Each structure stands twice: as C-alpha cells, then as structure tokens.
Amino acid sequence: MNRISRPLLIILALFLAGLSACDWMGPPTAVPEAVPGVDTHTLIIGSSMALGGHAGYLGRQTLHGALSYIQKVNERGGIHGRKIKLIAYDDGYDPQVCVANTQRLIIQDKVFALF
C-alpha cells in the first residue's frame, strides 16, 4: 500500500479543514469579474504534483484524496453554491516543470487558488 508523507497529509488536512468551514448551503454571491477562477457556478483550483515518475505515487494518492473530498463538497452544493473544479498537472517531481505548470495555472487557467 502506498503511503503519503506526513507533511503532505498535514497540508491536505489543513486545506480540507478550510473547505469544511465554508457555508455549504449559502446562495451564490456576486463576484467581481476581476476574481480569477470564480464565477457564479464554479471555483477553480489548481495543483502541480508528481503524478508520474519515481515519486508519482505521492501525487496520485494526494490527488485521489483531494478529489474524494471535493466530490463530497460538490454533492453538498459546493461553496456558496459554487462547484469546485480541480486542474492538476504532472510535474514528475521536477522543480522546473512545477514552475512552468504553476505559471500555466495562474496565467492561462486563471485558477482561484493553488494547492
């Protein structure tokens, strides 16, 4: 069985705890168009992680866990009525690829947050 490192679990737990503190059933509120990754129906988050290569098991397990919780949040109505969409790119645990992926998430995909 693959194991996730303790620091990754802590980061994921903090992120998910933050999501759980959100008002599940609140109505969608108006969002200024200047807020990237947020519209009246969707909240887009992004991540660059090792999904392949020698450390791929770390990223894949983190992604599976995150998607499971995101699905639960979305089934409950999302965050203030907005469904969470996750965009994940494989960086193969390569810092240069991670930087390129992160720039792509921010500039092209216009995500609301990175995790």
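Visitor: Which residues of α2 are buried?

Guide: This is a predicted model. Start with the general idea. An α-helix has 3.6 residues a turn, so residues three or four places apart point the same way. Now the case here. The buried residues of α2 are G56, L58, G59, T62, L63, A66, Y69, I70, V73 and N74.

Visitor: What does α2 pack on?

Guide: First, the sheet itself. Strands of a sheet pair through backbone hydrogen bonds, either parallel or antiparallel. Here the sheet is open, with three strands in the order β2-β1-β3 and parallel pairing. The edges belong to β2 and β3 (113-114); each has a single partner strand, so one side of each is left without a neighbour in the sheet. α2 packs on this sheet and touches β1 and β2. Its direction makes about 170 degrees with that of β2.

Visitor: How many bridges join β1 to β2?

Guide: Eight, between β1 (residues 42-49) and β2 (residues 83-90), and the two strands run parallel.

Visitor: What does α2 span from its first C-alpha to its last?

Guide: It reaches 28 Å over 20 residues. That is close to the 28 Å expected at 1.5 Å a residue.

Visitor: Which residue takes a positive phi just after α2?

Guide: Look at G77; its phi is about 110 degrees.

How values were computed
Residues numbered from 1 in each chain as written. Predicted model: local features only at pLDDT ≥ 70, side-chain atom pairs only at ≥ 80, totals over all residues. Heavy atoms only, no water. Pairing = 2+ DSSP bridges. Helix = DSSP H or I, 4+ residues; strand = E, 2+ residues; numbered from the N terminus. Contact = heavy atoms within 4.5 Å. Axes fitted to C-alpha atoms, helices over the stretch in contact; angles between N-to-C directions. Expected span 1.5 Å × (residues − 1). Buried < 20%, exposed > 50% of the residue type's maximum accessible area, 1.4 Å probe, protein only.
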